[in-house]
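Trainee: Please take me through the reading of this structure, one feature at a time. I would like the general idea before each case.

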Amino acid sequence: MAVMKKKGNKSLPPISTASLPDVIFMILFFFMVSTSMRDQELLVRFRLPDASEVQKLEKKSLVSYINIGQPTPAMQAKYGTATQIQLNDSYKTAKDILDFIAAERDQLSEAERAQMTVCLKIDENTKMGIVTDVKQELRRANALKISYAASKSLGYE
(Lines give C-alpha, C1' and ligand atoms only; values in the text may rest on other atoms or scores of the structure.)
Protein backbone atom coordinates (compact mmCIF):
# COMPACT_ATOMS: atom_id res chain seq x y z
CA MET A 1 0.00 0.00 0.00
CA ALA A 2 1.18 3.40 -0.77
CA VAL A 3 1.48 6.04 1.90
CA MET A 4 0.39 9.49 0.93
CA LYS A 5 2.63 12.25 2.12
CA LYS A 6 1.70 15.90 2.40
CA LYS A 7 3.56 17.96 -0.06
CA GLY A 8 4.94 21.20 1.29
CA ASN A 9 3.89 23.20 4.32
CA LYS A 10 0.36 24.25 3.53
CA SER A 11 -0.94 27.08 5.72
CA LEU A 12 -4.29 28.80 5.88
CA PRO A 13 -4.95 31.39 3.18
CA PRO A 14 -4.88 35.04 4.41
CA ILE A 15 -8.16 36.66 5.41
CA SER A 16 -9.55 38.91 2.74
CA THR A 17 -9.93 42.51 3.91
CA ALA A 18 -11.49 43.78 0.72
CA SER A 19 -14.93 44.30 2.31
CA LEU A 20 -13.60 45.95 5.47
CA PRO A 21 -13.96 49.55 4.18
CA ASP A 22 -17.58 48.81 3.24
CA VAL A 23 -18.34 47.61 6.76
CA ILE A 24 -16.65 50.65 8.30
CA PHE A 25 -18.65 53.03 6.11
CA MET A 26 -21.91 51.25 6.94
CA ILE A 27 -21.22 51.62 10.67
CA LEU A 28 -20.22 55.26 10.21
CA PHE A 29 -23.39 55.96 8.22
CA PHE A 30 -25.53 54.25 10.89
CA PHE A 31 -24.14 56.43 13.66
CA MET A 32 -24.44 59.58 11.57
CA VAL A 33 -28.12 58.89 10.96
CA SER A 34 -29.09 57.63 14.40
CA THR A 35 -27.41 60.23 16.62
CA SER A 36 -28.63 63.75 17.16
CA MET A 37 -26.41 66.72 17.66
CA ARG A 38 -26.99 69.11 20.52
CA ASP A 39 -28.64 72.27 19.20
CA GLN A 40 -26.89 74.62 21.55
CA GLU A 41 -24.23 74.55 24.21
CA LEU A 42 -25.58 75.06 27.72
CA LEU A 43 -24.13 78.16 29.33
CA VAL A 44 -26.39 78.06 32.38
CA ARG A 45 -26.83 75.28 34.85
CA PHE A 46 -30.23 74.42 36.13
CA ARG A 47 -32.07 71.78 38.06
CA LEU A 48 -35.56 71.40 36.73
CA PRO A 49 -38.41 71.46 39.24
CA ASP A 50 -40.39 68.28 39.83
CA ALA A 51 -43.87 67.90 38.34
CA SER A 52 -46.43 65.13 38.60
CA GLU A 53 -48.36 65.88 35.38
CA VAL A 54 -45.82 65.98 32.54
CA GLN A 55 -46.55 65.73 28.82
CA LYS A 56 -44.05 65.20 26.06
CA LEU A 57 -43.85 67.73 23.24
CA GLU A 58 -44.85 66.23 19.91
CA LYS A 59 -42.81 68.17 17.34
CA LYS A 60 -39.52 69.32 18.78
CA SER A 61 -38.56 71.09 15.57
CA LEU A 62 -41.19 73.72 16.40
CA VAL A 63 -39.80 74.37 19.89
CA SER A 64 -37.46 77.25 20.78
CA TYR A 65 -35.66 77.04 24.10
CA ILE A 66 -34.95 79.79 26.62
CA ASN A 67 -32.66 78.69 29.47
CA ILE A 68 -32.62 80.64 32.72
CA GLY A 69 -30.25 79.96 35.60
CA GLN A 70 -26.82 80.59 37.05
CA PRO A 71 -23.84 80.56 34.68
CA THR A 72 -21.79 77.39 34.46
CA PRO A 73 -18.61 77.34 36.58
CA ALA A 74 -16.49 78.08 33.50
CA MET A 75 -18.52 81.23 32.76
CA GLN A 76 -18.85 82.46 36.36
CA ALA A 77 -15.43 84.14 36.26
CA LYS A 78 -16.67 86.45 33.50
CA TYR A 79 -20.36 86.87 34.34
CA GLY A 80 -20.59 86.21 38.09
CA THR A 81 -23.21 84.08 39.79
CA ALA A 82 -26.28 86.23 39.01
CA THR A 83 -29.10 84.56 37.11
CA GLN A 84 -28.66 84.81 33.33
CA ILE A 85 -30.94 84.28 30.32
CA GLN A 86 -29.49 82.11 27.55
CA LEU A 87 -30.85 82.55 24.04
CA ASN A 88 -29.18 80.19 21.56
CA ASP A 89 -25.48 80.22 22.46
CA SER A 90 -25.10 83.50 24.32
CA TYR A 91 -26.32 85.41 27.35
CA LYS A 92 -28.93 88.05 26.60
CA THR A 93 -31.30 90.33 28.47
CA ALA A 94 -35.07 90.13 28.55
CA LYS A 95 -35.25 92.95 25.96
CA ASP A 96 -33.49 90.72 23.38
CA ILE A 97 -36.29 88.15 23.45
CA LEU A 98 -38.34 90.06 20.86
CA ASP A 99 -35.52 89.76 18.30
CA PHE A 100 -34.92 86.11 19.28
CA ILE A 101 -38.57 85.16 18.67
CA ALA A 102 -38.61 87.03 15.36
CA ALA A 103 -35.48 85.18 14.20
CA GLU A 104 -36.90 81.81 15.28
CA ARG A 105 -40.14 82.48 13.43
CA ASP A 106 -38.27 83.41 10.27
CA GLN A 107 -36.67 79.94 10.23
CA LEU A 108 -40.08 78.24 10.13
CA SER A 109 -42.44 77.93 7.20
CA GLU A 110 -45.58 80.05 7.10
CA ALA A 111 -47.82 77.13 8.11
CA GLU A 112 -45.66 76.15 11.10
CA ARG A 113 -45.33 79.63 12.61
CA ALA A 114 -48.67 79.37 14.41
CA GLN A 115 -47.57 76.10 16.04
CA MET A 116 -44.26 77.44 17.39
CA THR A 117 -43.79 76.78 21.09
CA VAL A 118 -41.35 78.47 23.46
CA CYS A 119 -40.01 76.13 26.13
CA LEU A 120 -38.70 77.73 29.30
CA LYS A 121 -36.02 75.70 31.08
CA ILE A 122 -35.72 77.45 34.42
CA ASP A 123 -33.66 76.53 37.47
CA GLU A 124 -35.89 75.70 40.40
CA ASN A 125 -34.16 78.34 42.58
CA THR A 126 -34.63 81.23 40.12
CA LYS A 127 -36.52 84.27 41.40
CA MET A 128 -39.92 84.88 39.81
CA GLY A 129 -39.05 88.46 38.85
CA ILE A 130 -36.84 87.40 35.94
CA VAL A 131 -39.40 84.79 34.85
CA THR A 132 -42.12 87.45 34.84
CA ASP A 133 -39.91 89.74 32.73
CA VAL A 134 -39.34 86.96 30.21
CA LYS A 135 -43.05 86.18 30.04
CA GLN A 136 -43.89 89.86 29.49
CA GLU A 137 -41.44 90.03 26.59
CA LEU A 138 -42.92 86.84 25.13
CA ARG A 139 -46.35 88.49 25.24
CA ARG A 140 -44.97 91.53 23.43
CA ALA A 141 -43.49 89.20 20.79
CA ASN A 142 -46.89 87.47 20.48
CA ALA A 143 -45.36 84.13 21.47
CA LEU A 144 -48.29 82.93 23.52
CA LYS A 145 -47.67 79.17 23.32
CA ILE A 146 -45.35 78.48 26.26
CA SER A 147 -44.29 75.26 27.93
CA TYR A 148 -42.23 74.80 31.08
CA ALA A 149 -39.60 72.06 31.27
CA ALA A 150 -39.79 69.89 34.37
CA SER A 151 -38.54 66.53 35.56
CA LYS A 152 -41.16 63.92 36.23
CA SER A 153 -41.71 63.00 39.86
CA LEU A 154 -43.54 59.91 41.00
CA GLY A 155 -45.90 61.94 43.19
CA TYR A 156 -45.38 59.89 46.38
CA GLU A 157 -43.94 62.72 48.44
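Mentor: We begin with the elements: helices (H or I, at least four residues) and strands (E, at least two) are DSSP runs, numbered from the N terminus. The model is a predicted one, in which local features need pLDDT of at least 70 and side-chain atom pairs count only at pLDDT 80 or more, while totals for chains, interfaces and linings use all residues. Residues are numbered from 1 along each chain as its sequence is written, and side-chain values use heavy atoms, with hydrogens and water left out.

Trainee: Which elements each supply at least two residues of the lining of the largest pocket?

Mentor: On a 1 Å grid over the protein atoms alone, a pocket is an open set of points where a 1.4 Å probe fits, with protein on both sides within 12 Å along at least five of seven lines; lining residues have an atom within 4 Å of a point. Here E3, E6 and E7 each supply at least two lining residues of the largest pocket. The largest share, 3 residues, comes from E6.

Trainee: What volume does the largest pocket have, and which residues are closest to its centre?

Mentor: A volume is the space filled by probe spheres set on the grid points, which are joined across faces, edges and corners. For the largest pocket the volume is about 510 Å³. Of its 21 lining residues, Gln-55, Lys-56, Leu-57, Cys-119 and Ser-147 are the closest to the centre.

Trainee: How many residues of strand E6 are buried?

Mentor: Buried means under 20% relative accessible area, exposed over 50%, and partly exposed in between (1.4 Å probe, protein chains only). In strand E6 (residues 117-122), 5 of the 6 residues are buried, so the strand is largely enclosed by the rest of the structure. Lys-121, found in E6, is partly exposed, with a relative accessible area of 24%.

Trainee: Which residues does Lys-121 touch?

Mentor: Contact means heavy atoms within 4.5 Å. Leaving aside residues up to four places away in sequence, Lys-121 touches Phe-46, Leu-48, Tyr-65, Ile-66, Asn-67, Ile-68 and Ala-149. Lys-121 and Ile-68 are 53 residues apart in sequence, and 6.2 Å apart in space from C-alpha to C-alpha.

Trainee: How many bridges join E6 to strand E3, and how many join E6 to strand E7?

Mentor: Two strands pair if DSSP finds at least two bridges between them. Strand E3 (residues 63-71) runs parallel to E6 and is joined to it by 6 bridges, with Val-63 opposite Thr-117. Strand E7 (residues 146-148) also runs parallel to E6, with 3 bridges between the two, and Leu-120 stands opposite Tyr-148 in E7. From E6 the chain passes through helix H4 (residues 128-140) to E7 in a right-handed β-α-β crossover; right-handed means that, with the strands pointing away from the viewer, the path from the first strand over the helix to the second runs clockwise. In the loop between H4 and E7 lies Asn-142, which has a positive phi of about 60° although it is not a glycine.

Trainee: Which way do the side chains of E4 point?

Mentor: In a regular strand the side chains alternate between the two faces of the sheet. In strand E4 (84-87), Gln-84 and Gln-86 point one way and Ile-85 and Leu-87 the other way, and all are buried. Gln-84 has 16% relative accessibility and therefore counts as buried. Its contacts, not counting residues up to four places away in sequence, are Val-44, Asn-67, Ile-68, Gly-69, Pro-71, Tyr-79 and Tyr-91.

Trainee: Which sense of pairing joins E4 to E3 and to E5?

Mentor: E3 and E4 run antiparallel, joined by 4 bridges, and Leu-87 in E4 is the bridge partner of Ile-66. E4 pairs with strand E5 (residues 90-92) in the antiparallel sense over 3 bridges, Lys-92 in E5 being the bridge partner of Ile-85. E4 and E5 form a hairpin with 2 residues between them. Asn-88 in the turn has a positive phi of about 55°, although it is not a glycine, and it is partly exposed, at 37% relative accessible area.

Trainee: Where do the buried residues of helix H3 fall when seen down its axis?

Mentor: The buried residues of H3 (residues 97-106) are Ile-97, Phe-100, Ile-101 and Glu-104. Seen down the helix axis they fall within an arc of 95°, so they line one face of H3; the arc is that of the directions from the helix axis to the C-beta atoms. These buried residues pack against E3, E4, E6 and H4, whereas Asp-99 and Asp-106, on the other side of H3, are exposed. Ala-103, also in H3, counts as partly exposed at 38% relative accessibility.
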